[in-house]
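Student: I would like to go through this model and ask what stands behind each label.
Tutor: Go ahead.

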Amino acid sequence: MTDPIVLLQILWTGTVTAASLVLLTVAFSLTQKVTGLWNFAQAGFMGVAFYTMLFVLNDLALPLWVALAAGAALTAGIAVFTEAFGLDTLRARRSGNLTFFIFTLISAELIIYVLTLLFGTEPQTLFPSIMSPIHIVGGVAISDWDLTAVGITVVMLTLLSLFLNRTKEGQFLVAVADNAKLAELYGISAQRAYRVTAIIAAIFITAAMYLVGARAGVTPNSPMELILSAVIGTLLGGMGRVFMGGLATVILALLQSYSVLVIASRWQNLLLYGFLFITILLFPRGMHLPRLRTRRAPAPEPSV
Amino acid sequence: MEYILTILVMISIFVILSASYNLVIGYGGLATVAHPIFYALGAYTTGLLSVHTDLWPPLCLLAGGLVAVVASVLLAASALRVSGDYLLIASLGFQLGLLQVIRNFEFTGGPGGLSGIPGTITGAARTPAYLLICGGLAVLTVAFVAWIVRGPYGRAITAMRDEELAFSTLGRNAMSMKIAIFAIGCGIAGISGGLYAYYFQYVSPEQFDVLQSAALLTMVVLGGMGTSMGPVVGAAILLAVPQAITFLELPPNIMAPMQGIIFTTLVLAFMFLRPAGLVGGAGRGKLPAALAGHGTEAP
């Protein structure tokens with residue numbers, strides 16, 4: 001019988017590990033929802049965000065907030081450039097899914113090769129040390145970094161929810177996601193919605209890569225693995241259900257974390273790919289939680 | 001000279017591979033990206049049989065093709081129920097999962113790869129002999145694919161690809177045809193993997209990952225999807241052009257990414273300048289089915 005403290009520790013570590021993946025999944029899922037595309041170029045954007053922050057922090061020795069701002073700005077710039085000069089052109093040509101798939105994958109590869117040329121293939125972290133002070137709460141080790149990761153994720157998801165539900169620009173995105181042609185008839189620019197989505201995704205990607213790079217070594221190829229988690233989370237959460245995608249990513253991360261109790265850690269990735277395959281075949285529209293039924297108050301008796 | 005002959009052997013192997021992929025994706029309209037895993041299964045099966053048995057090399061090659069066929073039928077029977085983006089991603093999951101299995105087993109050499117595969121042909125004539133074998137098989141493969149698609153079965157494949165509902169309404173079994181095309185294409189990919197293993201005497205999981213899928217897809221699209229000669233032109237250009245900078249004698253840490261940059265830039269340039277490929281027509285009206293249309297398909 002496994003010690004409950006160990007189980008709790010795995011629960012906490014798995015949840016914290018999922019924080020950066022949740023942000024990546026939300027970026028990927030939001031893009032898929034609004035544009036209808038599986039944008040694999042986001043793997044390249046992840047590399048741009050990380051290496052920009054690394055350059056600003058290590059080579060220019062500037063403060064963290066400058067690194068974050070520079071990372072988000074350059075990533076957003078490249079994402080909008082890709083939208084404007086690549087995806088828009090393909091949309092205008094009414095290209096098929098395969099063309100979009102090739103374009104986004106090859107764009108990601110091009111960025112990865114450029115980053116490899118500039119920064120090499122050695123794993124690098126954003127800061128010289130990846131350790132942070134640890135507190136023991138009820139026998140569970142919680143580090144300052146853990147709290148930062150969870151805090152950033154919760155704040156960003158709340159802000160995104162407010163943006164989508166409470167602002168006009170956010171509702172334009174939802175309208176374009178529902179029916180781009182109909183939205184345009186009402187004077188909403190689909191092109192603008194796509195670019196706003198690219199900027200939001202870039203901000204989420206930068207935040208995620210800050211969390212990843214502060215805790216582990218990153219190579220130019222690392223984002224290719226990260227984007228697969230985002231794809232699986234998006235599929236499992238259900239197409240167009242951005243926040244459910246995030247939740248699905250947490251569940252996946254927990255399953256992977258708990259799997260070390262029964263299988264060797266080297267098989268963890270296989271679990272992920274297995275989920276990807278099975279999800280598509282059995283739940284192509286995502287997993288739907290059963291709706292809770294509320295008992296309705298009986299209708300008043302008609303008076304005679 | 002040896003270097004140039006080696007590049008030609010590589011081109012021949014990739015012509016076989018891309019022609020078989022063209023049958024699946026270009027003619028069959030089955031948008032999968034898992035083709036490199038069947039190439040890998042062929043390479044590993046041939047390599048393992050050569051290392052551990054004294055089986056006649058052509059039989060090892062056929063065994064590699066057979067394993068690829070069995071795996072492809074397993075994938076097709078389950079994954080071909082979905083289409084479009086869903087099939088692309090399901091096939092990606094299948095490929096990465098199997099690669100992880102290859103990486104984790106010790107008998108396959110693990111992440112370090114399988115080495116010590118016997119060369120079968122030795123001496124100064126080794127590379128020219130391999131070029132003759134691989135080149136001959138490349139010509140045969142291209143001719144075989146052209147023969148399939150130009151005959152009555154080919155017309156049925158086109159009908160199934162373009163109008164699956166009408167095809168099924170006529171009493172034809174679209175699923176069995178899809179599985180057959182997939183199995184033929186993947187079986188040929190397995191044999192090309194065996195040729196690769198025999199020539200280079202070493203295989204590792206990294207050679208069959210997502211980047212390989214993108215490269216292969218690019219060869220077919222760049223050359224001209226759904227055309228007989230397209231994969232030949234695509235494989236030749238995409239393997240030969242990045243080699244041009246080899247003569248600059250740059251250090252390996254610069255050479256490899258530079259070749260990658262040339263490769264991807266070429267793909268992006270051709271994608272916008274010649275969307276129907278070099279062999280296909282340049283106009284929108286001549287885009288093959290897999291590249292035309294827009295929007296996420298339902299599963």
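Student: In chain A, where is confidence lowest and where is it highest?
Tutor: This is a predicted model. Confidence in chain A is lowest in helix 11 (residues 268-282), with a mean of 77, and highest in helix 2 (residues 42-59), at 96. The average pLDDT of chain A is 88, and 93% of its residues score at least 70.

Student: Which residues in helix 6 of chain A are buried, and what makes a residue buried?
Tutor: In helix 6 (residues 168-178), they are A:F172, A:L173, A:V176 and A:A177. The label requires 20 or more other C-beta atoms within 10 Å of the residue's own, so each of these four residues meets that cut-off.

Student: How do you know on which side of helix 6 of chain A they lie?
Tutor: They cover an arc of only 135° around the axis, so they are on the same side of the helix. In general, an α-helix has 3.6 residues a turn, so residues three or four places apart point the same way.

Student: What does the buried side of helix 6 pack against, and what does the face turned away carry?
Tutor: The buried residues pack against helix 1 (4-35), helix 5 (144-166), helix 7 (180-185) and helix 8 (190-215) of chain A. The face turned away carries A:K168 and A:D178, which are exposed.

Student: How many residues of chain B are in contact with chain A?
Tutor: 47 residues of chain B contact 36 residues of chain A. Helix 4 of chain B gives the largest share of chain B's side, 13 residues. By class, that side has 28 nonpolar, 15 polar and four charged residues.

Methods
Residues are numbered from 1 along each chain as its sequence is written. Chains are lettered from A and ligands numbered from 1 in the order in which they are written. This is a predicted model: local features need pLDDT of at least 70, side-chain atom pairs count only at pLDDT 80 or more; totals for chains, interfaces and linings use all residues. A residue is buried if 20 or more other C-beta atoms lie within 10 Å of its own, exposed if 12 or fewer, and partly exposed in between; C-beta atoms are placed from the backbone. Helices (H or I, at least four residues) and strands (E, at least two) are DSSP runs, numbered from the N terminus. The arc is that of the directions from the helix axis to the C-beta atoms. Two residues are in contact if their C-beta atoms, placed from the backbone, lie within 7 Å. pLDDT is the predictor's confidence in each residue, from 0 to 100. Ala, Val, Leu, Ile, Met, Phe, Trp, Tyr, Cys and Pro count as nonpolar, Asp, Glu, Lys and Arg as charged, and the others, Gly among them, as polar.
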